[in-house]
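Try each one before you read its solution.

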2 protein chains.
Amino acid sequence: MNDKDRRSMPLFAIGIVMKLTELTARQIRYYEEHSLIHPERTTGNQRLFSFNDVDRLLEIKDYLDKGLNIAGIKLLLNEDETKQVSQLKMTESSQISDKELRRILRQELNEPGAHKKANLRQGDLARFFSR
Amino acid sequence: MNDKDRRSMPLFAIGIVMKLTELTARQIRYYEEHSLIHPERTTGNQRLFSFNDVDRLLEIKDYLDKGLNIAGIKLLLNEDETKQVSQLKMTESSQISDKELRRILRQELNEPGAHKKANLRQGDLARFFSR
DNA sequence: ATTATATGTCATGTAACCTAACATGTCAAT
DNA sequence: ATTGACATGTTAGGTTACATGACATATAAT
């Protein structure tokens, strides 16, 4: 088993993730609802989060603090991802993307520098792994 | 937060620990009952295990496979530990220890080499941390 | 002013966990 | 062979943690 597997291993119940991320259950579920994360489920349908999921939630939190909205965060998160998103509705989603993108860029203009490197405090949890 | 903290952080519900260790809930609770592990609890009294706990359970499993009994395992596990055990009943416990120790040694004589280095497969989980 | 977004709160159902008790298989001592 | 200790299985009844859905609300965008 390698790091990649370990990172994506479903381990944490939502209660733990709440403490690790200081997000409410409502928020976490909401972000899943909007496809920012995709935690696995137990056979009884309860969410099980991996280290990757938690890391991602920490990123989401950062971006929220910076004033980004869900749509914007989705774009940023999917940026460095070898997508997995359903590309079924590419046509209609691309027009949404454009619209949202403009909003983000506008926001970026109003608060310059916020986008830079996002101060990725990803790594808080990354330290659980080899460095 | 350092590695030590991370390792002792209460994170896992018993269901996860069962999968990670391939032990039954009954076994895990039994080992706690006999003070081989000391998982924390939620405010609602549910067990929460740390990486250390899981590592320890894997060691316990190894020792059991080698034919050791709980008393023997306890001795071995406490060996490299800056104790934390209540030393209240030192007198009576020492006489128990002696008795058990004899049994263990007897067992050891019957299966030589089993004690060597115990093939410490601790590290299965250790890889979650820095190396 | 209206709408959209993000989150809080409440109600209700179920999954996962808890302890306690009793049952069982294995082994060692009698 | 019988007894007893050990480790684990199993069952029962109770509690905690998590599920979804609906409605409320504050803030921000239009």
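**Exercise 1.** In which helix of chain A does Thr21(A) lie? Work out its surroundings too.

*Solution.* This is a predicted model, where local features need pLDDT of at least 70 and side-chain atom pairs count only at pLDDT 80 or more, while totals for chains, interfaces and linings use all residues; side-chain values use heavy atoms, without hydrogens and water. Residues are numbered from 1 along each chain as its sequence is written, and chains are lettered from A and ligands numbered from 1 in the order in which they are written.

Step 1: Thr21(A) belongs to helix H2, residues 14-21 (helices are DSSP runs of H or I, at least four residues, numbered from the N terminus).

Step 2: Thr21(A) is buried, with a relative accessible area of 1% (buried means under 20%, with a 1.4 Å probe and protein chains only).

Step 3: leaving out residues up to four places away in sequence, Thr21(A) touches Ile28(A), Val54(A), Leu57(A), Leu58(A) and Lys61(A) (contact means heavy atoms within 4.5 Å).

**Exercise 2.** Which residues are closest to DNA strand C? Describe the surface around that strand.

*Solution.* Step 1: among the 20 residues that surround DNA strand C, the closest are Thr24(A), Thr42(A), Ile70(A), Arg29(B) and Arg47(B) (near means a heavy atom within 4 Å).

Step 1: For Gln27(A), a polar side-chain atom lies 3.0 Å from a phosphate oxygen of DNA strand C.

Step 2: H3(A) gives the largest share of this surface, 4 residues.

Notes
Helix = DSSP H or I, 4+ residues; strand = E, 2+ residues; numbered from the N terminus. Buried < 20%, exposed > 50% of the residue type's maximum accessible area, 1.4 Å probe, protein only. Polar contact = N/O pair within 3.5 Å; in protein donor to acceptor, adjacent residues only side chain to side chain.
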